[in-house]
Amino acid sequence: MSTADPFLKLPGFTASVRDKLAKLNLLRLADLTLHLPLRYEDETQCYPIHDAPHDRVVVVEGVIRKSEVQIRQRRQLVAEVRDDSGRLIVRFLNFYPAQQKQWQIGKRVRLTGEVRTGFYGPEMVHPKARFVEAGAPLPEGYTPVYPTTQGLGQDTLKRLVELALKHSPLTDTLPASLLQPLQLPALETSLRLLHQPPPGTDLRPLLQRHHPAWQRLKFDELLAQQLTLLTNRARRRAVPAPILPSQGRLSGPLLARLPFQLTGAQQRAVDVISQDLQRPVPMQRLLQGDVGSGKTIVAALAALQAVENGMQVAFMAPTELLAEQHYRKLDEWLTPLGVRIGWLTGSQKKKVREAMQAEIASGEIQIAVGTHALFQDSVQFVNLALLLVDEQHRFGVAQRLQLRSKGVASSGAPHQLMMSATPIPRTLAMSYFADLDVSVIDELPPGRTPIVTTLLDNRKREALVARVGEACRSQQAQAYWVCPLIEESEALQLQTAVATHQELSTVLPDLRIGLVHGKLSAADKQAVMLAFKEHQLDILVATTVIEVGVDVPNASLMVIDHAERMGLAQLHQLRGRVGRGSKASYCTLLYQAPLGELASARLDLMRRSTDGFEIAREDLRLRGPGELLGSRQSGVPLLRFADLEQDMDLLEAARNLAPRLLRELPDIAADHLERWLGSRSGLLDA
């Protein structure tokens, strides 16, 4: 840290302590004031050992009468502590030599922990211990327990937070006139109450985060997030982008050649994207649509608008399997129109890759499709005007930035169209995608049949195998059989892809059964997938490598092995691999009993609903935005305090206030962002 860092001016902030604080992302005094407790312990009352209630955290105090290291199943430090009412056994299963020396006979110790009935009477295991003098005063208020890291004890962290509260300005960044309509308390009042609740405070609303003090902190956090998103949006729009008028020279012939018509939702998305591309500011649009809704043709028409204007397009996908699927589809649609499509991936031989890079650099390749290989330094575009990113949440922000930087300086930043087959709940879109324009394809192409989903206990596996085999023989059906692991795991005892392939090949010897998983080479994976697509295979045993992008219209059966081990979004994506043709399609979720309550609810929702938005809302409720977005991928700091489902009213208020602050009170907006984010916004201009 720099010499100007206020930590250096206060006692206790040694270099070692600052390093540990940095692991918690606490880089300034202001950060410590916003580092709020996880819970509170009531250490204001000390019980006689004999009267201490069991099975809840209490404080007792006594003198050490015995202390020794015992070796039973493992080494443990065991002590006997006595007061006038009785004795207590204290047990440490993990301890250090220095800790052993502290526990000397005759010393007085104050213990905080749960009293339980042990073999030798009441005992505490790993209590918090403080060595005190007789008559040492008890705390006057509740004791906060903070999130911490190894080597940074609660006493140290509590002392540092108290120093931060004393020396850091806690004045409101927001004027009272803005806070009054929201009926929110002052920031300083809220922070002091949350860090140091006075005796008698009802802890329930604090622990449930319903207390007005929590509401104030949540609102400020949401406001900082919204200000950041809007600031980034304005910064992006200040950079010019190439103007790409719609000509129809290529898109018209493509639409005439297609064996299907665009749905109304697809056409609306095409129209709004076309308008974006004709503006001199970079498009930053998210195209979301459920699995099978037809996002690729919308992306292809956007690409043609750039090509019609003599510009290049980069189409990036997270896996080689998905990237090659896009390449083959674009090749089928656009090559007959004279458009040059290139394919670039890390697994290509060096000469092939270098030849492709040369064609991209010369401008011969008009649309380059690939994986992360597209944003390597050796790949140069002549005039990149449009960046298409499929399954955008799987890419890091820095990766998208690398590709954006390949736009031509003379024409500014390229337009960006990001696609996602994971529907984004409204609350998530409002808080994490508020700086994006969003288009939704909310209808499936005509002729698609609904997928019937059933749950089946693994004990009926043999009957299921027989039914799948019969459907492949008599109805010429094709089936996916998806397994979560590649190799045997004794710990999880899951049926694996390799074992399942062997099992099905033995039981169904007359059927053609293939196997694809992540450890195969890209060429082998493509060969198996192509064989399945051309119906040279009846059953494809696979890991979740087929989760996105695989398009085999004839496949109408899906079995997901150990479905209880997978999340809702992944199950929905996998199920979307069937139902892509006119055949009635079926998905069986094979589970291992007994099911836990959460797993049962998750599978029941999959059985009842094929609505991606309903499933995504439930996924958000169960897992939270961190797992859904990935803190590294989203580019937006994850919320620490606010809950998107519970705090919708605060999110609405923050969304309404943020534009007004930036427009009318920019200094206040800047002060608010400085308090919450400082110099480490965690945001990249992506």
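Why are H8 and H23 oblique to each other?

Modeller: This is a predicted model, in which local features need pLDDT of at least 70, side-chain atom pairs count only at pLDDT 80 or more, and totals for chains, interfaces and linings use all residues. Residues are numbered from 1 along each chain as its sequence is written, and side-chain values use heavy atoms, with hydrogens and water left out.

Helices (H or I, at least four residues) and strands (E, at least two) are DSSP runs, numbered from the N terminus. Helix H8 spans residues 212-237 and helix H23 spans residues 648-664; they pack at an angle of about 50 degrees, with their axes 8 Å apart. Axes are lines fitted to C-alpha atoms, for helices over the stretch in contact, and angles run from 0 to 180 degrees between N-to-C directions. H8 and H23 are therefore oblique to each other, since angles under 35 degrees count as roughly parallel, over 145 as roughly antiparallel, 65 to 115 as roughly perpendicular and the rest as oblique.

H8 passes H23 in a right-handed crossing (left-handed if the near helix is turned anticlockwise from the far one by less than a right angle, right-handed if clockwise). On the H8 side the contact (heavy atoms within 4.5 Å) includes Phe219, Leu222, Leu223 and Gln226; on the H23 side, Ala654, Arg655, Leu657 and Ala658 are among the residues involved. By class, the contact of H8 with H23 has 14 nonpolar, three polar and two charged residues. Here Ala, Val, Leu, Ile, Met, Phe, Trp, Tyr, Cys and Pro count as nonpolar, Asp, Glu, Lys and Arg as charged, and the others, Gly among them, as polar.

For the sheet, the order of the seven strands is S13-S14-S12-S15-S16-S11-S17, in an open arrangement with parallel pairing. Two strands pair if DSSP finds at least two bridges between them. Strand S13 (341-344) and strand S17 (437-441) are the edge strands, each pairing on one side only. From one strand to the next, the twist averages 20 degrees.
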